[in-house]
Amino acid sequence: MIFSLTSYMVVIAFNRQTASANRFAAEIISPEIPHCDDPTLHCYAICIPRKFFEERYRLYVPDIPVFNRKKFEICSDILKYMNMFAFEASKNMQNSDITLNANAELITHWIIRSILGESMDMRSISNDYSVAKAQHYMEHHFGEPITIKRLSELGFVSPSGLTHKFKAELGVSPIEYLIEIRIQRAKIMLQRKNMTVTEIANACGFSNSAYFSSCFQKRVGRTPTEYQRRYRTAQK
């Protein structure tokens with residue numbers, strides 16, 4: 001059956017493959033855009049009132065495009081906040097209207113940032129001090145030379161100890177985690193800035209453009225130039 005809504009609808013799919021294990025495939029549909037549901041899709045569907053969504057989207061960019069099943073990826077940690085919202089709504093606890101409104105704000109901004117390619121800003125932060133300290137440092141100093149030794153000193157552990165903690169909790173080494181941060185930052189620069197691939201490689205902490213292109217293609221599935229061209233074509 002074909003139908004349309006007066007709200008923005010965001011569909012987060014759990015049975016569609018993404019390039020990263022900690023991301024879900026998602027898509028957004030603007031109000032009044034006719035569409036059909038996929039009965040085989042295992043997903044969450046979120047309806048966000050038009051005015052509420054557009055007021056918050058304009059905090060990031062002035063113009064709101066028409067989303068006709070625009071696809072994007074979103075960090076899997078959003079499930080924590082969606083489940084928290086559902087739990088709070090079901091309990092009818094005192095002052096739940098305040099906490100539900102706060103959670104709705106967080107979820108909506110999370111979705112908007114993900115649409116704009118900024119999902120790495122909502123990366124899951126570890127409860128382990130040494131891992132969280134390293135994560136925080138990498139997020140803020142990704143464009144600088146960073147070594148395991150420096151990261152381990154921040155958390156008062158040995159380099160091997162920090163590597164073990166990262167792999168046990170996140171499934172990757174600190175350096176692999178750093179490369180992922182740099183790639184996500186590079187994607188934003190490729191989308192928004194009039195910079196060459198070499199300039200972006202330098203700004204994101206890669207030693208040279210060839211290494212940057214190799215890392216980018218391995219994780220994104222296309223070269224930086226191909227990604228930039230495809231993104232800008234899709235925006236027209």
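**Exercise 1. Two packed helices**

At what angle do helix H7 (residues 174-192) and helix H9 (residues 209-220) pack, and how far apart are their axes?

*Solution.* The model is a predicted one. Two packed helices are described by the angle between their axes and the distance between the axes. For H7 and H9 the angle is about 95°, and the axes are 10 Å apart. Angles of 65 to 115 degrees count as roughly perpendicular, so H7 is roughly perpendicular to H9.

Next, list the residues that meet. H7 contributes Ile179, Glu180, Ile183, Ala186, Lys187 and Leu190. From H9 come Tyr211, Phe212, Cys215, Phe216, Arg219 and Val220. Sorted by class, the contact of H7 with H9 holds nine nonpolar residues, three charged ones and no polar ones.

**Exercise 2. The span and cover of H7**

*Solution.* As for cover, 15 of the 19 residues in H7 are buried, so the helix is mostly covered.

**Exercise 3. Aromatic pairs**

Classify the ring pairs Phe206 with Tyr211 and Phe216 with Tyr227.

*Solution.* The structure holds 12 aromatic pairs. In the pair of Phe206 and Tyr211, the ring centres are 5.9 Å apart and the planes stand at 65°. Planes over 60 degrees apart count as edge-to-face, so this pair of Phe206 and Tyr211 is edge-to-face. Phe206 is buried, with a relative accessible area of 4%, whereas Tyr211, at 38%, counts as partly exposed.

Phe216 and Tyr227 are 5.5 Å centre to centre, with 70° between the planes, and also form an edge-to-face pair. Phe216 lies in helix H9 and Tyr227 in helix H10 (residues 224-235), 11 residues apart, and the pair links these distant parts of the chain. Both Phe216 and Tyr227 are buried.

Finally, ring pairs join Phe206, Tyr211, Phe212, Phe216 and Tyr227 into a cluster.

**Exercise 4. A glycine in a loop**

Where is Gly143 found, and which residues is Gly143 in contact with, leaving aside its neighbours within four places in sequence?

*Solution.* Gly143 sits in the loop between helix H4 (129-141) and helix H5 (148-154). Its relative accessibility is 32%, so Gly143 counts as partly exposed. With those neighbours within four places left aside, Gly143 is in contact with Asn202, Ala203, Cys204 and Gly205. Cys75 is 68 residues from Gly143 along the chain, and their C-alpha atoms are separated by 23 Å.

Key. Residues numbered from 1 in each chain as written. Predicted model: local features only at pLDDT ≥ 70, side-chain atom pairs only at ≥ 80, totals over all residues. Heavy atoms only, no water. Axes fitted to C-alpha atoms, helices over the stretch in contact; angles between N-to-C directions. Helix = DSSP H or I, 4+ residues; strand = E, 2+ residues; numbered from the N terminus. Parallel < 35°, antiparallel > 145°, perpendicular 65-115°, else oblique. Contact = heavy atoms within 4.5 Å. Nonpolar A, V, L, I, M, F, W, Y, C, P; charged D, E, K, R; others polar. Buried < 20%, exposed > 50% of the residue type's maximum accessible area, 1.4 Å probe, protein only. Phe/Tyr/Trp six-rings, centres within 6.5 Å; stacked < 30°, edge-to-face > 60°.
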